[in-house]
Amino acid sequence: MTTERIARRARVLAAVTTVLIGVVPLAVLIVLASAGADAEALRTAYGIKVMPDDPDVGPTMVWLGVEALRLGLFLWILWCVRGWLTACGRGQVFAGQTARHVQRIGTGLLMLAVAHVLGNTIIIAALTWNNPAGQRSLAIGFGSTEVLLLLAAGLMTLFGWIQSEAARLSAENEGFV
């Protein structure tokens, strides 16, 4: 694949990523405004059997805070992806800054995996806190989503290191010319 084809595809993907950065938060706001977050939706989303039909403000704010943090991490990852694609679109595939974007993507994916595991645990504990004794829940889950996030984080970090080494070699080769 030629450098120009890589740059062209990277520019298209950077534009798609830029649109996603704007559309995702807007979609979340629309869903919250239209459907809301009632007790039944929370029970279904987090697999909770018993919780109050009208959650207090505290547990609802914990849920909102954890989900906002995870959304923020996701948007930061998209921002890093956009930066990487934009640099590739300018032909800076083997630049040191481009490699740092990829390494940040890997870090973000790792943080998102941890936030996913801890976030669900915190949300379930908060939403069941007002249950009677013996009906409160503390659930720690680790499934395919977390495994894939960790694998993607490792692969992106490795790719960032490889790209960093390629940038170093490219700069060294340019020094000889």
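**Reading helix α4**

Q: Is His101 buried or exposed?
A: Buried means under 20% relative accessible area, exposed over 50%, partly exposed in between (1.4 Å probe, protein chains only). His101 has 15% relative accessibility, so the residue counts as buried. This is a predicted model, in which local features need pLDDT of at least 70 and side-chain atom pairs count only at pLDDT 80 or more, while totals for chains, interfaces and linings use all residues. Residues are numbered from 1 along each chain as its sequence is written, and side-chain values use heavy atoms, without hydrogens and water.

Q: What does His101 touch?
A: Contact means heavy atoms within 4.5 Å. Not counting residues up to four places away in sequence, His101 touches Cys80, Gly83 and Trp84.

Q: Where is Thr98 placed, and what is it in contact with?
A: Thr98 is buried at 1% relative accessible area. Leaving aside neighbours within four places in sequence, its contacts are Trp84, Ala87, Cys88, Gln92, Val93 and Gln163. A polar atom of the Thr98 side chain lies 2.6 Å from the backbone oxygen of Gln92.

Q: At what angle do α4 and α5 pack?
A: Axes are lines fitted to C-alpha atoms over the stretch in contact, and angles run from 0 to 180 degrees between N-to-C directions. α4 and helix α5 (residues 144-176) pack at about 165°, with axes 8 Å apart. The two helices are therefore roughly antiparallel, a term for angles over 145 degrees.

Technical notes: A polar contact is a pair of N or O atoms within 3.5 Å; within protein, one must be able to donate a hydrogen and the other to accept it, and residues adjacent in sequence count only if both atoms are side-chain atoms. Helices (H or I, at least four residues) and strands (E, at least two) are DSSP runs, numbered from the N terminus. Angles under 35 degrees count as roughly parallel, over 145 as roughly antiparallel, 65 to 115 as roughly perpendicular and the rest as oblique.
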